[in-house]
Amino acid sequence: MYYLLPLLSVILGYAMALILKPSNRKNLKLLLAFSGSFLLSLTVMHLLPEVYENSLHAHHGHDHEHHNSPIGLYIMAGIVFQIILEYFSKGAEHGHVHGGHDHEHQKMPWLLFISLCIHALLEGMPVSHHNDMAWGIAIHHFPIAIILTAFFMNSGLNKTIVMLFMVVFALMTPLGTLLSEQLHFIEHYFTEISAVVIGILFHISSTIIFESNEGHKFNLAKLLVIILGVIMAYFM
């Protein structure tokens, strides 16, 4: 059931964008701020400690390695990899897409599609061992699906292509979870792969939180939803 949550959240976001055609960006930004806070808190409180713990157990008996764990390097590699992905996706992973009726966007944005799918596939891998991460990814994908669907529709893309794009995007995270359960290679390097995903999630969630704070003005509503995200993640 857990690995279906990210899939259902994308389908729900797609359907909401089609039916309601949301135009209130303020509410979407609040939802994005909450999702970023919730995802970052889950990563820091649940995923990060376990990855370091597993790394220490793996190197048990090699005292010199305790002071120079390679896990930090994998996390930084994840951050760098996400920066590269965003060069192609233009920041769609954190709702940073703009566009109106632009003829240039009427063709299929393959680079955006491929980079988003790689991102979603990798996000699904830790879910096989950390079921609560499915909630974080689902809540993260819901506003992204709304924003992406609205962006594609406004760009004049064919409705069937948009639907196929969103369905494939929805399937990527459960596929990542399934692969991490079935493939021995992923299971063997699960700690390292999880560390790379932590880097990806760090970058995504912190970017969402910072970007949602327009002009660095104090915004009580955003602060409250960010605090709510932290509290909810703590009790997961």
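Buried residues make up 46% of the 236 residues in the protein, where buried means under 20% relative accessible area, exposed over 50% and partly exposed in between, with a 1.4 Å probe and protein chains only. The model is a predicted one, in which local features need pLDDT of at least 70 and side-chain atom pairs count only at pLDDT 80 or more, while totals for chains, interfaces and linings use all residues. Residues are numbered from 1 along each chain as its sequence is written, and side-chain values use heavy atoms, with hydrogens and water left out.

The secondary structure comes to 10 helices and zero strands, the elements being DSSP runs numbered from the N terminus (helices H or I of at least four residues, strands E of at least two). Of the contacts in the protein with a separation of 6 or more, 84% are accounted for by residues 24 or more positions apart; a contact means heavy atoms within 4.5 Å.

| Helix | Number of residues | Expected span | End-to-end C-alpha distance |
|---|---|---|---|
| H5 | 15 residues | 21 Å | 21 Å |

In H1 the buried residues are Leu 5, Pro 6, Leu 7, Ser 9, Val 10, Gly 13, Tyr 14 and Ala 17, and the buried residues of this helix pack against H6 and H7. Lys 21, which follows H1, has a positive phi, near 45°.

The buried residues of H5 include Leu 112, Phe 113, Leu 116 and Ala 120, and also His 119 and Glu 123; their cover includes helix H4 (71-89), H6, H7 and helix H9 (190-211). Ile 118 lies in H5, which runs over residues 110-124, and this residue is partly exposed, with a relative accessible area of 32%. Leaving aside residues up to four places away in sequence, Ile 118 touches Phe 81 and Leu 85. The C-alpha atoms of Ile 118 and Met 172, 54 residues apart along the chain, are separated by 7.8 Å.

**The packing of H5 on H7**

H5 and H7 pack at an angle of about 30°, with their axes 6 Å apart; axes are lines fitted to C-alpha atoms, for helices over the stretch in contact, and angles run from 0 to 180 degrees between N-to-C directions. The contact draws on residues including Leu 112, Phe 113, Leu 116 and Glu 123 of H5, and Phe 165, Val 168, Phe 169 and Met 172 of H7. By class, this contact has 12 nonpolar, four polar and one charged residues, with Ala, Val, Leu, Ile, Met, Phe, Trp, Tyr, Cys and Pro counted as nonpolar, Asp, Glu, Lys and Arg as charged, and the others, Gly among them, as polar.

**Aromatic pairs**

A search of the whole structure finds eight aromatic pairs, in which rings of Phe, Tyr and Trp (its six-membered ring) have centres within 6.5 Å, with planes under 30 degrees apart counting as stacked, over 60 as edge-to-face and the rest as tilted. The rings of Phe 151 and Phe 152 have their centres 5.5 Å apart and their planes at 50°, so this pair is tilted. Phe 152 and Phe 165 also form a tilted pair, because their planes stand at 55°, with the ring centres 4.5 Å apart. That pair links distant parts of the chain, with Phe 152 in helix H6 (residues 133-154) and Phe 165 in helix H7 (residues 159-182), 13 residues apart. Phe 152 counts as buried at 1% relative accessibility, and Phe 165 is buried with a relative accessible area of 2%. Trp 110, Phe 113, Phe 151, Phe 152 and Phe 165 form one aromatic cluster.

Technical notes. The expected span of a helix is 1.5 Å times one less than its number of residues.
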